[in-house]
Every structure is written in structure tokens, then in C-alpha cells.
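Subject: Structure handover and notes

Hi,

Here is the structure I promised to pass on to you. Could you open it next to this message while you read? My notes follow below.

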Amino acid sequence: MVVGQGRDGDVRIEADLVVGADGIRSAVREQLWPGVSRPVPIGVTAWRGIAPAWRGELPVAISWGRGAEFGIVPLEDGRIYWFAAVNATPGTAPSEVDSRFSTWHEPIPALIAATGTVLRDELACLDKPLPTYVQGRVVLLGDAAHAMTPNLGQGANQALEDAVVLAALAGRADVAAAYDRERRPRSQQVARASRTIGRFGQQLANPLAVAGRNALMRVVPPRFALRSMARYADWRPPPTAPVSVPSRPGPDA
Ligand SMILES: Cc1cc2nc3c(=O)[nH]c(=O)nc-3n(C[C@H](O)[C@H](O)[C@H](O)COP(=O)(O)OP(=O)(O)OC[C@H]3O[C@@H](n4cnc5c(N)ncnc54)[C@H](O)[C@@H]3O)c2cc1C
């Protein structure tokens, strides 16, 4: 990378590759992919929290209601990560998580009551898949490239996969094109699947459709339901040449 000053006083930076990893509202995407894709709200409010170490064992679980879901994920240290989502009604003030889930089965109300900090987000994702993650020597990574709904818990994971692949391809003359080839199909497939699972799971609100879904879920073995989601988390980095890491200069350098 070369940093210099232009005649006009502007700082100029020359680099082999520029990585736009600036999130769902990426300024890099706005500048270099103008009008191609934009973040859109999906009409869902989500909350997340971590309850302190829990008495008794809790399994990983997702409970669905009409246009609502609550998920429980025990952490290694005994605390309980939970997430909740509800369809947001346009034009009305967002409800609070404790009032929205107060009548749900235990331990849901107790977990919420035991939680200190609760995060709230209005969910959004990119409205259209980008036709390319590359413009010249600029690539997009993570939410900047493929902001997705969180229904598969894959947004940050896909960003990490992008980074692993980019690091593995570093040094190749065709790094940007190879990155696009390797990452775009998978990350966009995961984004599509996540949106679909959200529509047929948490977002489903029509009473007949909800009854049908619930009847189906009663007969599908939990192992099968879990496998259909877990398959998106199964990923191996592509085989690559070893990446050489420059050694750090010693204290005398
Ligand atoms: C409710 C919810 C639940 C989620 N659950 C999961 C989950 O279970 N599993 C999972 O894998 N993912 C989950 N995600 C998605 C995950 O949070 C995102 O996909 C992930 O954070 C994307 O990482 P990123 O680095 O691409 O973008 P970000 O995390 O948004 O990071 C972008 C960074 O760029 C910085 N930045 C932006 N603009 C500029 C600028 N102009 N100059 C300098 N810096 C800038 C920002 O400050 C920020 O630090 C969830 C998201 C939500 C909303």
C-alpha cells in the first residue's frame, strides 16, 4: 500500500486491493455499485439478550407463534443467549419484548426478566443480490456484499468465510475475480435460504398457514428439522497454497 499526497492536498492511497467491509449501509457499495442494491426493512423487530447462568439444563430450542419466535441457545459458561422476533405493525410504536412474550411458555418470561441489557433491531437485508462483489480492485465483504436476515444465524459467519477465502487467495493475480467466483454463489444461496426460512417460520402470520406449519412440525423429527438448517453452517475453506505471513521486525529494527 502506498500513501501519498496529491497536488490538491488530498491524501491518496494506492493499494493492490481495497476491501469494503463497512456493513449493511456500506458507503463503498453506495459509491461503486450505485442503485444496484439497497438495504430494505423486512417488517420485523428483533431483540437479543444473555441471561445469567441458569438453574437446570435448557436445550437449544426455537418456539414459534403467529408472526413471532423465541430462540434459546445455552452458552458454554452456563449463561443463556436468547433471541426474539415479531412482525412489526406499520404505524404503531414497537412493543417491548417483556410484554410481547409475557404469556409464552416458561422459561421464556423468566429468561427475559433475568436479562439486563436487551438489544433491539429493526431487521433489514439487501433487496437484490449483487451481480458481482468486485469492481476493479475493490471487493465487498460481509454485510456490505450480502446483508441477510438472521434466520439462519449466518450473517457474521458468511463475513468470516469471505475473509478466510480472501486471505487464502491473497497474492494471486486474479484475487478479486477468484474471490467473487468462490464467495458470491454460496453467500447469496445462504441469504436466500435465510429469507425463505424467515417467511415460513417466524414471519408466518396467516392462521391457516400457521396451523399447517405447526401440524407439519409435529410430525417432522427434530433431528431432520435441525439438519435442514445446520447444513448451511457446514463449510470447508477451499484448498489453497500456503499464505506467507511477513515476519515482524524485532525490537532492534
Ligand atoms: C438481530 C440480529 C441477529 C443476528 N444474529 C446472527 C447470528 O446468530 N449469527 C451470525 O452469524 N450473524 C448474525 N447476525 C448478523 C451479523 O450481526 C452481521 O452479519 C455481521 O455483523 C456483519 O459483519 P460485517 O463486518 O460485514 O458488518 P458490521 O458488523 O456492520 O461491521 C461494519 C463495520 O464497518 C464500520 N463502518 C461503517 N461505515 C464506515 C465508514 N464509512 N468508515 C469507517 N468504518 C465504517 C462500522 O462502524 C462497523 O464497525 C445478526 C444480526 C442481527 C441484526
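A word on naming before the notes: helices (H or I, at least four residues) and strands (E, at least two) are DSSP runs, numbered from the N terminus. Residues are numbered from 1 along each chain as its sequence is written. Please keep in mind that this is a predicted model, in which local features need pLDDT of at least 70 and side-chain atom pairs count only at pLDDT 80 or more, while totals for chains, interfaces and linings use all residues.

In total 17 residues surround the ligand, and the closest are Gly23, Gly142, Gly153, Gly155 and Ala156. The elements that give two or more residues to this shell are β4 (39-51), α4 and α5. A residue counts as near a molecule or strand if its C-beta atom, placed from the backbone, lies within 6 Å of it. Sorted by class, the shell has seven nonpolar, six polar and four charged residues. Here Ala, Val, Leu, Ile, Met, Phe, Trp, Tyr, Cys and Pro count as nonpolar, Asp, Glu, Lys and Arg as charged, and the others, Gly among them, as polar. Domain 1 (14-38 + 127-233) and domain 2 (41-124) each give at least three residues to the shell.

**Overall layout**

The protein is divided into those two domains, domain 1 (14-38 + 127-233) and domain 2 (41-124), with bounds that come from an automatic or database domain assignment. Their centres, taken over C-alpha atoms, are 23 Å apart. The contact between them takes 11 residues from domain 1 and 12 residues from domain 2, where two residues are in contact if their C-beta atoms, placed from the backbone, lie within 7 Å. On the side of domain 1 that touches domain 2 there are seven nonpolar, four polar and no charged residues.

The protein has eight helices and 10 strands, and its C-alpha trace spans about 65 × 45 × 35 Å along the principal axes. Of its 253 residues, 25% are buried. A residue is buried if 20 or more other C-beta atoms lie within 10 Å of its own, exposed if 12 or fewer, and partly exposed in between, with C-beta atoms placed from the backbone. Among contacts with a separation of 6 or more, 69% join residues 24 or more positions apart.

Why does the span of α5 agree with expectation? At 1.5 Å a residue its 15 residues should span 21 Å, and its end C-alpha atoms are 21 Å apart. The expected span of a helix is 1.5 Å times one less than its number of residues. Buried residues in α5 include Gly155, Gln158, Glu161, Asp162 and Leu169. The buried residues of α5 pack against β3 (18-20), α4 and α6. Just after α5, Gly171 takes a positive phi of about 100 degrees.

Helix α6 (residues 175-200) has 26 residues and reaches 38 Å from its first C-alpha to its last, close to the 38 Å expected. There is a kink of about 35 degrees at Arg183 in α6, shortly before the proline Pro185; the bend at a residue is the angle between axes fitted to the seven residues ending there and the seven starting there. Arg183 is buried, and so are Tyr179, Glu182 and Arg184, among others in α6. Packing partners of the buried residues of α6 include β8 (118-126), α4 (143-146) and α5 (155-169).

**A few single residues**

- Arg79 lies in the loop between β6 (68-74) and β7 (80-87). Arg79 is partly exposed, with 15 other C-beta atoms within 10 Å. Leaving aside its neighbours within four places in sequence, Arg79 contacts Ile50, Ala51, Pro52 and Ala53.
- Ala61, in strand β5 (residues 61-65), has its C-alpha atom 5.7 Å from that of Gly71, 10 residues apart along the chain.
- Pro107 sits in the loop between α2 (97-100) and α3 (108-114), and the peptide bond from Glu106 to Pro107 is cis, with omega near 10 degrees.
- Leu216 belongs to helix α7 (residues 207-219). Leu216 counts as exposed because it has 11 C-beta neighbours inside 10 Å.

Best wishes
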